[in-house]
Amino acid sequence: MSTSMSVSVSAAASSSLPPLLARRRSPPASLVPVRSLRSCPRPRLLSSARTTPVLLPAAAMAAPAPAASSKRDLLIFDAEENLAVALAKYTADISAKFAAERGAVTVVLSGGSLIYALRKLTEAPYLETVDWSKWHVFWVDERVVPKDHEDSNYKLALDGFLSKVPIPAGQVYAINDALSAEGAAEDYETILKQLVKNGVLAMSKTTGFPRFDLQLLGMGPDGHIASLFPGHPLVKENKKWVTHILDSPKPPPQRITFTFPVINSSAYVAMVVTGAGKAGAVQKAISDKKTSDLLPVEMAILDDGEFTWFTDKEAVSMLQN
Ligand SMILES: O=C(O)[C@H](O)[C@@H](O)[C@H](O)[C@H](O)COP(=O)(O)O
């Protein structure tokens, strides 16, 4: 059992590309995790070098239920541009790992600002170097609207990302927009089960839920992730893989969403959060003082995976130290 969190503060894009995939075995000198969460309940700045990523042992992620072997990292970027560069490399590295290991890469997208943050993947070198033919793309949540509607997360991703990279169309899993919210959720879960059967989608050996290779997620200012909102009963759903909501506090009201067991069975989750409007939720999520009113983002605790915050200075402006 181990849960650790490291913090990397990065000023320049060139120094903001921690080789996350290699870190477990051979951490680079500038990114050596200092100590585990349990042995160091308070964050402490070890170095203030401006252009070299530095690590702080973090109080963050005093997880309510520590996972079997999960890791958490907090990356803080001076500028959103640097975040986008690092996010592209992180995604490309994970893509290469699973393309080699499994022959398929299952990638989950949210809506919102995440899609803009992925823009560097559509440029050199990644446009050429990523094996896009291995990608299978899913949505952690989708609004129940026609696919060409301005509110559609599919349309957002298509316009800003998917239309610019050569992923086979049959490997992009949009919802069936002819169905009701309930029907679309059931249909999406059926598709996932079929992909498990044919080996595209992995299953977690421990949770009994599908194990996506990478979930690229955003968080709302209220701490919601996917369409799992604070105080909503759906946050407790622990049987379904995909469920529906008819009363989303964020419009539009009808959506489908992955459930927490699916999110938490992932191998890698990137939580991409920028801007001062989210500083309160980030502060609560990363605080070691846990209260019973957990935000949805605080319930994202991977069973056996790596959870990485990609943030900017504004988003962490309420953190102490
Ligand atoms: O369909 C949705 O509403 C999104 O998937 C949603 O969960 C989003 O990811 C967050 O609200 C963050 O959005 P922003 O990054 O735009 O704030």
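This is a predicted model: local features need pLDDT of at least 70, side-chain atom pairs count only at pLDDT 80 or more; totals for chains, interfaces and linings use all residues.

**Pocket entry.** I started with what lines the second largest pocket, and α2 gives the most to that lining, with four residues. Residues are numbered from 1 along each chain as its sequence is written, and side-chain values use heavy atoms, with hydrogens and water left out.

I looked up the whole lining next: 20 residues line the second largest pocket, and Phe98, Lys205, Arg211, Ala267 and Asp304 lie nearest its centre. The elements that give two or more residues to it are α2 (80-102) and β7 (202-203). Helices (H or I, at least four residues) and strands (E, at least two) are DSSP runs, numbered from the N terminus.

My pocket rule, for the record: on a 1 Å grid over the protein atoms alone, a pocket is an open set of points where a 1.4 Å probe fits, with protein on both sides within 12 Å along at least five of seven lines, and lining residues have an atom within 4 Å of a point. About 370 Å³ of space lies in this second largest pocket, a volume being the space filled by probe spheres set on the grid points, which are joined across faces, edges and corners.

I sorted the lining of the second largest pocket by class and got five nonpolar, five polar and 10 charged residues. Here Ala, Val, Leu, Ile, Met, Phe, Trp, Tyr, Cys and Pro count as nonpolar, Asp, Glu, Lys and Arg as charged, and the others, Gly among them, as polar.

I then checked polar contacts (pairs of N or O atoms within 3.5 Å). A side-chain N or O atom of Ser113 is 2.5 Å from an oxygen atom of the ligand, and for Arg143 I read 2.7 Å to a ligand oxygen. Arg255 also has a polar side-chain atom 3.1 Å from an oxygen atom of the ligand. Taken alone the ligand exposes 420 Å², and the protein buries 91% of that; these areas come from the Shrake-Rupley method with a 1.4 Å probe.

**Backbone entry.** I found a cis peptide bond from Ala124 to Pro125, with omega near 0 degrees. Pro125 is in the loop between α3 (114-117) and α4 (126-129). Another cis bond joins Pro251 and Pro252, omega about -5 degrees, and Pro252 lies in the loop between β10 (242-245) and β11 (255-258).

Ala226 has a positive phi, near 50 degrees, though not a glycine. I placed Ala226 in the loop between β9 (214-218) and β10.

**Burial entry.** Is Ala226 buried or exposed? Ala226 is buried, at 7% relative accessible area (buried is under 20%, exposed over 50%, partly exposed in between, with a 1.4 Å probe and protein chains only).

Lys284 sits in helix α8 (residues 279-286) and counts as buried because its relative accessible area is 19%. Its C-alpha is 33 Å from that of Leu192, 92 residues apart along the chain.

Lys240, in the loop between β9 and β10, is partly exposed at 38%. The C-alpha atoms of Lys240 and Ala185 are 9.5 Å apart, with 55 residues of separation along the chain.

Notes. A polar contact is a pair of N or O atoms within 3.5 Å; within protein, one must be able to donate a hydrogen and the other to accept it, and residues adjacent in sequence count only if both atoms are side-chain atoms.
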